[in-house]
Amino acid sequence: MSAVNELINHITLPKFVKVHQLFDRNDLSQEEIRSRIETALKSPDLAGRIKPGQRICITGGSRGISNMPFVTKLLADYVKSQGASPFIVPAMGSHGGATAEGQKEILKSLGITEESMGCPILSSMETVKVGHVDEADFDVHIDKNAAEADGIIVLNRVKAHTSFQGPYESGLMKMLTIGLGKQHGAYICHSQGDDEMSYRIGLNGRAVIATGKVIFGVALLENAFDKTFDLAVLPAEQIPEEEPKLLEKAKAAMGRLYYDNCDILICRVLGKNFTGAGMDPNIVGRCVNPKLKMGITSQRIGVLDLSDESHGNATGMGRADLASRRFYEKVSFDDTYPNAITSYDMSAYRIPVIVDNDEEVLKAAVASCLKIDYENPRIILINNSLEIEHILVSEGMLKETKANQNLGIESNPFYLEFDAEGNLLTKF
């Protein structure tokens with residue numbers, strides 16, 4: 001028995017219930033997505049913008065975005081139908097360990113390969129200067145292969161960011177700035193901190209559009225089930241004006257935890273495939289920018305595992321107080337720390353207190369809380385910060401759960417089940 005185990009062995013975990021969080025279902029089918037994009041591409045604003053013989057770059061992001069491979073292939077096929085030659089560029093800042101090979105591997109893990117897309121993937125960390133922003137005195141850099149193309153199609157999900165707010169958060173403008181900027185461009189944009197990020201993305205994105213290289217953008221919006229519920233195909237010149245409107249629509253549709261606070265929040269799996277922050281502060285709280293209030297308030301946060309799709313990138317672990325040894329042993333510092341340097345932030349990359357297993361994470365979290373009801377701690381378990389339709393809550397939260405019309409209790413109270421190694425077996 002470890003020293004920590006001896007100190008927390010007296011803790012008895014409470015019973016839990018399965019809870020269904022109710023969100024609107026308004027997913028678009030792939031045929032609806034295809035029809036809307038094809039109709040938009042035939043519009044007078046966009047028809048004829050791609051000429052025969054041109055080389056056209058399509059951006060490929062690092063997120064597990066709903067329908068991303070489908071839409072990427074749709075765009076590649078469209079480029080071919082215009083007599084042009086498409087290629088894909090990994091547009092993901094410093095992800096993949098800030099290496100060309102690592103970024104191509106991330107696209108592969110998302111189902112985006114040369115074979116599946118039917119076109120080349122040109123992965124490089126080399127950038128070229130394409131402009132200068134006089135208002136903030138910084139150079140604008142984008143991927144060399146993208147800069148050498150005859151045109152660029154920018155594709156991304158528009159959503160709330162995890163560490164800053166403003167008219168431009170995650171979306172097409174950020175993809176033009178951080179994604180296509182690769183590590184060097186992202187480093188430049190982050191250099192004034194989160195308070196300046198939305199403003200600098202706006203300036204940088206406009207500068208990239210001013211090169212005349214960007215043809216149009218495809219913005220995907222996701223609902224609380226992380227499914228595409230809306231989209232927009234925007235001519236390049238309309239992106240700066242229209243994206244803030246799409247962002248407000250996306251924010252209104254996003255998921256949330258229907259609780260203001262709890263004693264302990266447990267995230268079963270942290271991962272870059274769920275959110276760039278590993279755990280989305282819009283859900284779990286603890287934004288790296290202390291000026292912003294996001295998500296639920298909790299006294300302790302615990303993490304049990306790291307997703308395989310993260311390839312060892314444990315960005316966001318600094319938001320947790322405790323984590324299991326299984327989580328820690330999956331961490332690749334070579335894949336994690338480039339994000340810390342690029343973003344000028346260390347807080348999200350600090351190592352939590354590491355205990356032997358999942359059961360110890362929960363017990364140590366209870367034991368280290370101040371001024372709670374130790375017999376009835378208020379605990380929430382989520383699978384990850386992206387998929388939150390089904391969660392577990394402890395009996396101490398039953399009263400407020402029953403009082404909320406957006407929550408439905410789906411089980412009788414039960415104790416969590418762990419295997420012989422102390423790892424959580426209970427599914428939800």
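Visitor: What makes strand S2 (residues 55-60) largely enclosed by the rest of the structure?
Guide: Five of the six residues of S2 are buried, so the strand is largely enclosed by the rest of the structure. Buried means under 20% relative accessible area, while exposed means over 50% and partly exposed lies in between, with a 1.4 Å probe and protein chains only. Strands (E, at least two residues) and helices (H or I, at least four) are DSSP runs numbered from the N terminus. Please keep in mind that this is a predicted model, in which local features need pLDDT of at least 70, side-chain atom pairs count only at pLDDT 80 or more, and totals for chains, interfaces and linings use all residues. Residues are numbered from 1 along each chain as its sequence is written, and side-chain values use heavy atoms, with hydrogens and water left out.

Visitor: Why is cysteine 57 called buried?
Guide: Its relative accessible area is 0%, and the term buried asks for a value under 20%, so cysteine 57 qualifies.

Visitor: How do you know which strands pair with S2?
Guide: Two strands pair if DSSP finds at least two bridges between them. S2 and strand S3 (residues 85-90) run parallel and are joined by six bridges, with cysteine 57 opposite phenylalanine 87. From S2 the chain passes through helix H3 (residues 68-81) to S3 in a right-handed β-α-β crossover; right-handed means that, with the strands pointing away from the viewer, the path from the first strand over the helix to the second runs clockwise. With strand S6 (residues 151-157), S2 has three bridges, again in the parallel sense. There, isoleucine 58 faces isoleucine 153 and isoleucine 56 faces glycine 151.

Visitor: What makes S3 and strand S8 (228-235) edge strands?
Guide: The open sheet has five strands in the order S3-S2-S6-S7-S8, with mixed pairing. S3 and S8 each have a single partner strand, so one side of each is left without a neighbour in the sheet.

Visitor: What makes strand S14 (residues 390-394) mostly covered, and which strands pair with S14?
Guide: Four of the five residues of S14 are buried. Strand S1 (residues 16-21) pairs with S14 in the antiparallel sense over five bridges, and valine 19 stands opposite isoleucine 391. Strand S13 (residues 379-382) is also antiparallel to S14, joined by two bridges, with isoleucine 380 opposite valine 393.

Visitor: How do you know how many disulfides there are?
Guide: A disulfide is a covalent bond between the sulfur atoms of two cysteines. Here it is counted as a pair of cysteine sulfur atoms within 2.5 Å, and the count comes to zero. For cysteine 57, the nearest cysteine sulfur belongs to cysteine 119 and is 9.8 Å away. The sulfur of cysteine 369 lies 8.9 Å from the closest cysteine sulfur, that of cysteine 262, which is too far for a bond.

Visitor: Is cysteine 369 buried or exposed?
Guide: Cysteine 369 is buried, because its relative accessible area is 2%.

Visitor: What makes a residue part of the lining of the largest pocket?
Guide: A pocket is an open set of points, on a 1 Å grid over the protein atoms alone, with protein on both sides within 12 Å along at least five of seven lines, and lining residues have an atom within 4 Å of a point. The lining of the largest pocket comprises 45 residues, with Arg63, His161, Ser163, Lys174 and His190 nearest its centre. Helix H7 (172-179) is one of the elements that supply at least two lining residues, and H7 gives the most, with four.

Methods: 1 Å grid on protein atoms, 1.4 Å probe; cavity = no way out; pocket = protein on both sides within 12 Å on 5 of 7 lines; lining within 4 Å.
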